[in-house]
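Open the model in your viewer and keep the selection tool ready. We will go from stop to stop, picking a few residues each time.

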Amino acid sequence: MATFFLVLILRYILPLCVVYIFSAVVRLDLWVRLIWRHRCGLSQVPGPRFARWSRLWITRALASGRAHEIWAEVNAAYGPVARIGPNQVITDDPEITRRILASSSGYRYIYEHPFNPSHIDSSVSDSRLEYDVEKHYKTSATSFPSFIAGFPWGTENTVDDLLLVWLNSLRTCCAKSDETIYDISKSIEFLTIDITTKLLLGREVGCIKQNRDVHGTMRKLDTGNRLWQYLLLAIQLNPLFLYIAKIPYLRRNDFLNSRNGDGRLIRTIRRVADEHASREQIDPQVMDSLAGGLEMTSISLQRTLLCIITNPHVYNTLCAEIRRAVARGNISDPIRDCEAKQCMYLHACVLEGLRRFPPLSELCEYVIPPGGDILGGFILPEGTLVGLNVWGLQLHADVYGGNGKVFSPERWLTEDFDKLHAMHRQHSLMFGHGGTKCLGAPIAMMLIPKVIFEILRHFDVAIADPSQLCHVKSEGPFSQIQTGLQVRLKKIDYTHPPPYEHAMELIN
């Protein structure tokens with residue numbers, strides 16, 4: 001009998017007691033951590049009630065597909081500095097943003113998204129993933145010569161050549177009938193792929209001519225963004241996934257060994273790199289530029305074009321400006337950048353489209369340096385993560401007026417110099433600040449007006465099905481277009497141009 005009870009205790013009761021004691025210790029540790037986090041320096045920062053106790057609130061926001069809108073709503077409801085996690089705050093204050101991004105701030109970028117679809121080799125330094133501030137700026141400073149110096153800064157001729165090929169492909173589609181239903185979102189992606197690869201590699205991959213994603217680049221980037229999103233959700237719930245994602249084999253294998261798609265593109269990049277630049281720098285920098293150039297430029301073009309063609313007043317006014325500029329005979333074919341800058345309403349439409357729908361939806365988080373900091377009147381301890389709210393920055397009523405959510409290019413035509421200067425300063429923050437500024441922003445700001453001008457110069461454009469408009473969805477670091485942009489294209493006959501004269505007085 002004694003042996004039976006001894007076996008019973010050793011086999012069943014003792015393990016249960018060990019499990020019970022372990023779970024009690026874990027629960028006690030959890031409650032101690034929660035209470036400490038609640039009572040730490042962040043306790044005075046306002047924010048959603050549940051967010052201060054658990055990262056589940058952030059996880060739910062990320063999983064919703066509208067995280068960029070949620071960040072803006074939080075700052076609008078709780079102020080320029082709000083708490084969104086046990087150790088995380090978010091800000092849409094422009095002065096705080098500039099101070100954090102300054103080279104001497106002491107803040108470091110915490111890159112909490114380890115599965116970066118553009119970073120293919122964890123053993124190679126990438127400026128965007130560099131935690132050390134000094135090294136980050138040095139790497140960024142050397143990245144321009146590594147993949148741009150082989151081509152003159154006057155890249156406009158290259159862009160113009162491919163733009164003409166793209167316009168001819170649109171004319172070919174329209175030649176089949178008077179009116180053509182066309183997925184222009186895919187076509188814009190093909191244009192950005194060819195332009196980006198031509199500028200970075202010296203030759204385009206041929207997406208425009210073949211009317212398809214030749215190497216599956218956009219498909220791979222979209223897949224990478226989705227994996228990035230899912231992995232980020234897992235990391236928010238359990239940091240163990242952060243270390244799993246850092247395994248070099250898991251990060252490199254698919255990109256380097258794939259027989260098609262990015263694997264083939266990577267091999268092309270490396271062949272060019274061996275001829276022109278340092279291979280150690282060109283891999284991450286070129287892939288980073290491909291991801292940023294393709295995704296962000298394509299998204300910005302699609303969103304701006306959608307805003308224009310769904311607003312009759314804006315569409316008619318812009319078309320009137322384009323017709324008047326063409327009629328004067330001082331516009332090249334395609335339009336040059338210096339000529340596009342003279343089209344004030346076109347420039348206003350591009351600025352407003354980027355303001356209303358910034359392509360970057362990622363919550364860029366920085367770590368408060370040792371000693372802590374004071375942000376928005378709150379004393380925050382060192383190690384706190386501060387997220388920069390890109391979308392919220394572009395909705396400030398004190399800068400852009402009370403109708404910040406309305407697409408209104410007219411706001412950029414004001415004669416109030418101080419207000420215009422303030423808007424431009426705030427607008428520029430979507431591309432970063434100081435050493436973190438996007439290196440490809442000038443090229444994007446040259447390309448977007450060109451494409452919009454040439455589309456509306458040669459075609460009448462309208463939404464094919466108004467009941468199926470595009471929607472913005474946050475996946476990974478970019479604000480994605482959820483559905484294709486189906487439009488009706490009709491080639492303009494300049495012997496009988498559309499009557500836009502009634503809108504001319506709006507731009508005189």
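Stop 1: Select residues 312-327, helix α14. Helix α14 has 16 residues and reaches 22 Å from its first C-alpha to its last. That is close to the 22 Å expected at 1.5 Å a residue (the expected span is 1.5 Å times one less than the number of residues). Helices here are DSSP runs of H or I with at least four residues, strands are runs of E with at least two, and both are numbered from the N terminus.

Which residues of α14 are buried? Among them are V314, Y315, L318 and I322. E321 and R323 are buried too. Buried means under 20% relative accessible area, exposed over 50%, and partly exposed in between, with a 1.4 Å probe and protein chains only. Now select G329, which follows α14 and has a positive phi, near 80 degrees.

**A note on the model.** This is a predicted model: local features need pLDDT of at least 70 and side-chain atom pairs count only at pLDDT 80 or more, while totals for chains, interfaces and linings use all residues. Residues are numbered from 1 along each chain as its sequence is written, and side-chain values use heavy atoms, with hydrogens and water left out.

**Stop 2: aromatic pairs.** The structure holds 3 aromatic pairs. Rings of Phe, Tyr and Trp (its six-membered ring) pair if their centres lie within 6.5 Å; planes under 30 degrees apart count as stacked, over 60 as edge-to-face and the rest as tilted.

Select W57 and W71. Their ring centres are 6.3 Å apart and their planes stand at 45 degrees, so this pair is tilted. W57 is in helix α2 and W71 in helix α3, 14 residues apart. W57 is buried at 9% relative accessibility. W71 is buried at 3%.

Next, select F357 and W391. This pair is edge-to-face, 6.1 Å centre to centre with 80 degrees between the planes. F357 lies in the loop between α16 and β5, and W391 in helix α17, so the pair ties together parts 34 residues apart in sequence. Both F357 and W391 are buried.

R356 lies over the face of F357, at 5.0 Å from the ring centre. Then show R355: its charged end sits over the ring of Y400, 5.1 Å from the centre. A charge sits over a ring if NZ of Lys or CZ of Arg is within 6 Å of the ring centre and within 35 degrees of the ring normal.

**Stop 3: a mixed sheet.** Five strands form an open sheet in the order β1-β2-β8-β5-β3, with mixed pairing. Two strands pair if DSSP finds at least two bridges between them. The edge strands are β1 and β3, each pairing on one side only.

Select strand β1, residues 81-85. Is β1 enclosed or open? 5 of its 5 residues are buried, so β1 is largely enclosed by the rest of the structure. A hairpin joins β1 to β2 through 2 residues. These strands run antiparallel, joined by 4 bridges. V81 stands opposite T91, and G85 has Q88 as its bridge partner.

**Stop 4: a second sheet.** Here 3 strands form an open, antiparallel sheet in the order β4-β12-β9. Its edge strands are β4 and β9. Select β4 and β12: 4 bridges join them. Finish on I181, whose bridge partner in β12 is R488.
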